[in-house]
Amino acid sequence: IKTERNFIVFDIKGKNVLITGATSGIGRAAALSLSNMGANISFIARNSEKADKLCKEIFDNTDKRPNSIIADMSSQEDIKKATNHLLDRGIKNVIITLGDKGAYFANKSESFTVNAFDVADRVVDTTGAGDAFNAGLAVALTEGKGIKKAIQFANAVGGLSATKIGTAKSMPLRSEIDNFL
């Protein structure tokens, strides 16, 4: 689930949940509610004080200790820290989008960054760029592209979407993507 500032990822079978932005707002409410329903909570937070407070509140209510990663995702070190945390918990492939810096990929055998396309002079609205990236990634993987090519394709779709206003209306046509690449 993607909200304005949060991502909530579910592993329903194992009752595992990963939440970004869990120390406030919707993310915090989701962490508390889902932990009360028996889910194992992991979250990424920027503020260690707020993270500690949320961990204590979840533990006090459920006797479960959530996993927290303190990272602001602005440095390569934080990105690798968060990625390793997820890989250590059984996630097989991790992709972290980095906006105008591209996307970082890692699994147990490789890690790399795929640079974004330079569309900065044409950007008008980034609202749907993450959704466009996800759609582009799904299309590329479905078409059998390898992971690097799939992320490159997804970066193109996300970048092109930011050159138009809106969300659904900003999704580029396949011909636009192919011409861009």
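**Helix packing in the predicted model**

Helices α4 and α5 (residues 147–161) pack at an angle of about 145°, and their axes lie 7 Å apart. The structure is a predicted model, in which local features need pLDDT of at least 70, side-chain atom pairs count only at pLDDT 80 or more, and totals for chains, interfaces and linings use all residues. Residues are numbered from 1 along each chain as its sequence is written, and side-chain values use heavy atoms, with hydrogens and water left out. Axes here are lines fitted to C-alpha atoms, for helices over the stretch in contact, with angles running from 0 to 180 degrees between N-to-C directions. Helices (H or I, at least four residues) and strands (E, at least two) are DSSP runs numbered from the N terminus.

The crossing of α4 over α5 is right-handed, a term used when the near helix is turned clockwise from the far one by less than a right angle, with anticlockwise giving left-handed. On the α4 side, the contact (heavy atoms within 4.5 Å) is made by Ala 129, Ala 132, Phe 133, Gly 136, Leu 137, Val 139, Ala 140 and Leu 141. Among the α5 partners are Ile 147, Ala 150, Ile 151, Phe 153 and Ala 154. By class, this contact has 13 nonpolar, four polar and no charged residues; Ala, Val, Leu, Ile, Met, Phe, Trp, Tyr, Cys and Pro count as nonpolar, Asp, Glu, Lys and Arg as charged, and the others, Gly among them, as polar.

Ala 132 counts as buried because its relative accessibility is 0%; buried means under 20% relative accessible area, exposed over 50%, and partly exposed in between (1.4 Å probe, protein chains only). Leaving aside neighbours within four places in sequence, Ala 132 touches Val 157, Gly 158, Ser 161 and Met 171. Met 171 is 39 residues away along the chain, yet its C-alpha atom is 6.3 Å from that of Ala 132.

Helix α5 itself is mostly covered, with 11 of its 15 residues buried, including Phe 153, Asn 155, Leu 160 and Ser 161. The cover over these buried residues includes β5, β6, β7 (111–114), α4 and α6 (174–180). The 15 residues of α5 should span 21 Å at 1.5 Å a residue, and the end C-alpha atoms are 21 Å apart, which agrees; the expected span is 1.5 Å times one less than the number of residues.

Helix α3 (residues 76–88) has 13 residues that should span 18 Å at 1.5 Å a residue, in agreement with the 18 Å between its end C-alpha atoms. Its buried residues are Asp 78, Ile 79, Ala 82, Thr 83, His 85, Leu 86 and Leu 87, and they pack against β2 (16–20), β3 (40–45), β4 (67–70), β5 (94–97) and β6 (103–106). After α3 comes Gly 90, with a positive phi near 100°.

Helices α1 (residues 25–36) and α2 (residues 48–62) pack at about 25°, with axes 10 Å apart. The pair is therefore roughly parallel (under 35 degrees; over 145 is roughly antiparallel, 65 to 115 roughly perpendicular and the rest oblique). Residues Arg 28, Ala 31, Leu 32, Ser 35 and Asn 36 of α1 meet Leu 54, Glu 57, Ile 58, Asn 61 and Thr 62 of α2, giving four nonpolar, four polar and two charged residues. In the loop between α2 and β4 lies Asp 63, which counts as exposed at 61% relative accessibility. The phi of Asp 63 is near 65°, a positive value in a residue other than glycine.
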